[in-house]
Amino acid sequence: MVTLIVEDGTGLPNANTYITVEYARQYGQDRGIDLGEDYLIAQNLVLAADYISTKGPFKGKVLSLDQSLDFPRSGLQVHGEQFTGVPQKVKNAQAQLLLDIKESGALLTSNRQFALKKRQLEGLVQEWAVGSYAQYKPGATHVLFDSLMADYLRNASGQAWSYR
C-alpha cells in the first residue's frame, strides 16, 4: 500500500497528498459514491495531488522551495481574504478528482507516438524507436475540480506572482 504523507499546512518536503483516505471516502459517501478499497484510494490520492500540480501557476508563492506540493502558499489572497495552510477548496478538489477517476478513469494519459526503425547488417539486427517525446494531456474534463481551483489560479493579466 502507498504510504500517504498528508500536507499539514507547513510545507512538508515529503507530502504526497492534501487529504486522508478517510476524508476522501467521506467526500464520496456524502455524494453517494463508494471509492473502493483503501489501497486504491491511497494510490489515487497521490495521482490526484500530482494532477493538481499540473494546473498552475497558482497565486502566491510556496512557503518553502523544499516543499513537495503546491500548497500551502504565502501571499495567497482570494476575494480580499488571506489564506494560510491548505484551503478547504483545494482539499475538496483533490477528493473530487477521486470521484472523477472512479467515473472516467485516468487523470492524465500519454499520447506518446513512436515509429520503429529497423536495420540489418549481416547477422546483426538493430531496432530503435524514433518520434515524439511524451506529451501528457487530460484524460477527461473535470468541471467541478476546475471550479473549486479557479480562485487559486493566477489570472491571465499576470497580477498574481508565483515561484512554481
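pLDDT is the predictor's confidence in each residue, on a scale from 0 to 100. Helices (H or I, at least four residues) and strands (E, at least two) are DSSP runs, numbered from the N terminus. This is a predicted model: local features need pLDDT of at least 70, side-chain atom pairs count only at pLDDT 80 or more, and totals for chains, interfaces and linings use all residues. Residues are numbered from 1 along each chain as its sequence is written, and side-chain values use heavy atoms, with hydrogens and water left out.

The chain averages a pLDDT of 85, and 80% of the residues score at least 70. Where is confidence lowest, and where highest? Strand β8, residues 136–138, is lowest at a mean of 49, and helix α1, residues 21–30, is highest at 98.

Next, helix α2, residues 38–53.

Now the backbone. Most residues other than glycine have a negative phi, and most peptide bonds are trans. Here the bond from G56 to P57 is cis, with omega near 10 degrees; P57 sits in the loop between α2 and β1. The bond from F71 to P72 is also cis, with omega near 10 degrees, and P72 is in the loop between β1 and β2.

Finally, H79, in the loop between β3 and β4, has a positive phi of about 50 degrees without being a glycine. H79 is exposed (over 50%), at a relative accessible area of 72%.

Definitions and conventions. Buried < 20%, exposed > 50% of the residue type's maximum accessible area, 1.4 Å probe, protein only.
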